[in-house]
Amino acid sequence: MQATGAQQQAASAPRPRLGMSVEVLTTPGGVVALEASSDHRLRIHAGPPVRGSCGVHRFLYTRGDIDVLPAGYADVWEEDDANTSLLLELPASLMRRAAMDMGRDPDTAGLDLRHQLRDPQIQHIAWALDAERIAGHPNGLLYTESLGIALAVHLLGRFAAPSKPPRGLSALQLRRVTAYIEEHLDQNLSLDRLAGVAEISASHLKTLFKRSTGLPVHEYVVQRRVERAKALLSRGDLPASQVAIEAGFAHQSHMARCMRRVLGVTPTALARRSPRR
């Protein structure tokens with residue numbers, strides 16, 4: 001059976017990078033700086049014991065000691081002697097794939113910073129990857145990817161970064177936006193204008209506002225307009241048509257629909273309850 005055009009196109013399309021980068025890191029002694037990377041990294045001590053310091057902290061690394069370095073982390077330390085380590089880089093695509101396979105949110109999957117771990121499973125995979133590198137990768141990409149997935153799953157299972165609650169608007173942004181809404185309820189409140197008040201994009205405002213208030217922007221505005229209309233109707237000195245305009249509704253029928261949905265009562269019923277002047 002011949003492959004279809006779509007199958008051929010999929011086969012020829014570049015695969016997402018799931019394989020790991022494995023390299024030997026040799027340092028002559030003295031100050032060592034590791035620049036920040038977009039990948040998560042593991043550094044596994046592979047040579048004779050080495051003493052050194054990080055700030056005021058003295059250390060002794062022996063073969064198999066492991067550092068887990070999250071994406072974006074840079075490190076500086078000083079070694080007394082020459083040192084040899086394996087540096088394994090886990091790309092974001094690999095961590096996302098492992099997180100999805102584990103049923104976790106791939107957008108929040110990360111690793112916690114750790115130094116001088118002893119973990120036989122990590123060591124086993126690291127030495128296997130290094131042996132594959134030395135041999136010239138005879139087993140191909142699939143072998144490396146399989147080891148990488150196994151390593152990423154193990155790391156996320158044991159050393160995942162603490163989950164952070166989703167971020168909403170800052171207290172200042174929320175005060176600005178809600179105050180602007182209150183002051184301009186009788187006007188056309190566009191999402192772009194409110195986003196400008198918060199000094200963020202409209203798409204971010206939609207997401208962050210709901211996290212902060214539990215309501216979409218539009219629903220929050222409707223509820224505030226209903227509350228204003230309720231207060232004006234309770235005064236009893238304005239006709240319902242004027243109340244609708246003062247509260248920002250398109251017309252009296254629009255106000256009635258929203259009040260029935262939010263409060264379960266009609267403007268007429270509220271007006272009847274108002275004290276007569």
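Two strands count as paired if DSSP finds at least two bridges between them. The legends below refer to a predicted model.

**View 1. Strand 4 and its two antiparallel partners.** Strand 4 (residues 50-54) pairs with strand 5 (residues 57-61) in the antiparallel sense, over five bridges. Strand 4 also pairs with strand 7 (residues 75-79), again in the antiparallel sense, over two bridges. S53 of the view has R58 opposite it in strand 5, and E78 is the bridge partner of S53 in strand 7.

**View 2. The hairpin turn between strand 4 and strand 5.** Strand 4 and strand 5 form a hairpin, with two residues between them. G55 lies in the turn and has a positive phi of about 70°.

**View 3. The buried side of helix 2.** Helix 2 covers residues 92-101, and its buried residues are L94, M95, A98 and A99. They lie on the same side of helix 2 because they cover an arc of only 130° around the axis. An α-helix has 3.6 residues a turn, so residues three or four places apart point the same way. The buried residues of helix 2 pack against strand 3 (40-45), strand 8 (83-90) and helix 4 (140-158).

**View 4. The end of helix 2 and the loop that contains D107.** D107 lies in the loop between helix 2 and strand 9 (114-117). With a relative accessible area of 60%, D107 is exposed, because the cut-off for exposed is over 50%. A separation of 9.8 Å is found between the C-alpha atoms of D107 and A92, which are 15 residues apart along the chain.

View 5. Most residues other than glycine have a negative phi. Q116 is not a glycine, yet its phi is positive, near 55°. Q116 lies in strand 9. Its relative accessible area is 30%, so Q116 is partly exposed.

**View 6. H137 in the loop between helix 3 and helix 4.** H137 is placed in the loop between helix 3 (120-134) and helix 4. Although H137 is not a glycine, its phi is positive, at about 60°. H137 is partly exposed, with a relative accessible area of 44%.

Technical notes
Residues numbered from 1 in each chain as written. Predicted model: local features only at pLDDT ≥ 70, side-chain atom pairs only at ≥ 80, totals over all residues. Heavy atoms only, no water. Buried < 20%, exposed > 50% of the residue type's maximum accessible area, 1.4 Å probe, protein only. Helix = DSSP H or I, 4+ residues; strand = E, 2+ residues; numbered from the N terminus. Arc of directions from axis to C-beta. Contact = heavy atoms within 4.5 Å.
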